Amino acid sequence: MASIVSIEEITNGDKELESALAECAKYTKNMQLRQIFKKMDSSGDGELNMKEFTKFLHKVGVKLKKQQYVKLMKCLDSSGDGNISYREFQAFVRVFEAEEDREEQEFRQKQKEAARYLEQEKQNQKELIKQQRTKSSSQAAADAEEKKAKKKASASQNSDGLERLWAKIGKFVDKKGDGDGVAMFKSMFEKYDTNGDGELTMNELAEGLASAGITTSKKNFKLLLDELDKDGGGKISLKEWSKGAKKRL
């Protein structure tokens, strides 16, 4: 009969038997096999018969069915002489030692795999954060560019609107001023200054120009006021009005 090479070969799927053998292995672990074998070999003939082997199993707390004892005995008895020699007993113990080594290796391998997985997840998380930051930066840059473009477009539109308003004013002055633009502008200022305080408010400016047939949006009137109101007081003096008109026209 060939030597046993695995636990499965001994138990053949018998979980109860497998558990029993594990108990035996625990008992023999870290002990001198030769010493254990001598204690088991009560007859001192150098071999374990069924009775001696069964007694040993009972001692370590293993209780099996009769057919399981017979099955186990046959598995360990590789020579087929009905007894278990020290070599056969040693081979049996080594099977469990090998199994424990294999399980230990599998456990360590799983630990390594788990560590690699965690490290990979950590790297993936870092990469994800990096991508999100890059995306956020790109989006911020895109938003800034869009805002800049809108501001530029708005400025361009404002400039166009203001230019058209000044063109209308210039056309009106050319038509009504009889070649004396300065006097015409002073006349317009005095006419538009309805409260006579020497300054034009937003409403006075808009209403005055409207009375001259010069209409535009409220936004463009505000742009005109802002351009002429050099001191930022919210009103236009005669000096500011004349200076701005001279510059433009």
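This dialogue goes through several features of a predicted model and how each is read.

User: How many helices and strands does the protein have, and in what pattern?

Analyst: Helices (H or I, at least four residues) and strands (E, at least two) are DSSP runs, numbered from the N terminus. Here there are 10 helices and 4 strands. Along the sequence the pattern is α-α-α-β-α-α-β-α-α-β-α-α-β-α.

User: What share of the residues is buried?

Analyst: Buried means under 20% relative accessible area, exposed over 50%, and partly exposed in between, with a 1.4 Å probe and protein chains only. Of the 249 residues, 31% count as buried. Phe 89, in helix H6 (residues 86-176), is one case: its relative accessibility is 0%, so Phe 89 counts as buried. From Phe 89 to Ser 78 the C-alpha distance is 9.8 Å, at a separation of 11 residues in sequence.

User: Is Asp 41 buried or exposed?

Analyst: Asp 41 counts as buried because its relative accessibility is 8%. Asp 41 is in the loop between helix H3 (33-40) and strand S1 (47-48). Contact means heavy atoms within 4.5 Å. Leaving aside residues up to four places away in sequence, Asp 41 touches Gly 46, Glu 47, Leu 48 and Glu 52.

User: What share of the contacts joins residues at least 24 apart?

Analyst: Among contacts between residues at least 6 apart in sequence, the share is 58%.

User: How many salt bridges are there, and where do they lie?

Analyst: A salt bridge is a side-chain nitrogen of Lys or Arg within 4 Å of a carboxyl oxygen of Asp or Glu. The structure has 2 salt bridges. One joins Lys 235 to Asp 197, with the closest N and O atoms 3.7 Å apart. This pair links distant parts of the chain, 38 residues apart: Lys 235 is in the loop between helix H9 (218-228) and strand S4 (236-237), and Asp 197 is in the loop between helix H7 (181-192) and strand S3 (199-200). Lys 235 is partly exposed at 31% relative accessibility, as is Asp 197 at 36%.

Another salt bridge joins Asp 226 to Lys 222, where the closest N and O atoms are 2.9 Å apart. Both residues lie in helix H9, 4 residues apart, which is about one turn of the helix. Asp 226 is partly exposed at 41%, and Lys 222 is partly exposed at 39%.

User: At what angle do H7 and H10 pack?

Analyst: Axes are lines fitted to C-alpha atoms, for helices over the stretch in contact, and angles run from 0 to 180 degrees between N-to-C directions. H7 and helix H10 (residues 238-248) pack at about 140°, with axes 10 Å apart. Angles under 35 degrees count as roughly parallel, over 145 as roughly antiparallel, 65 to 115 as roughly perpendicular and the rest as oblique. H7 and H10 are therefore oblique.

User: Which residues of H7 and H10 meet?

Analyst: Phe 185, Lys 186, Met 188 and Phe 189 of H7 meet Leu 238, Trp 241 and Ala 245 of H10. Phe 185 is buried, at 6% relative accessibility. Phe 185 and Ala 245 are 60 residues apart in sequence, with a C-alpha to C-alpha distance of 7.6 Å.

Definitions and conventions
Residues numbered from 1 in each chain as written. Predicted model: local features only at pLDDT ≥ 70, side-chain atom pairs only at ≥ 80, totals over all residues. Heavy atoms only, no water.
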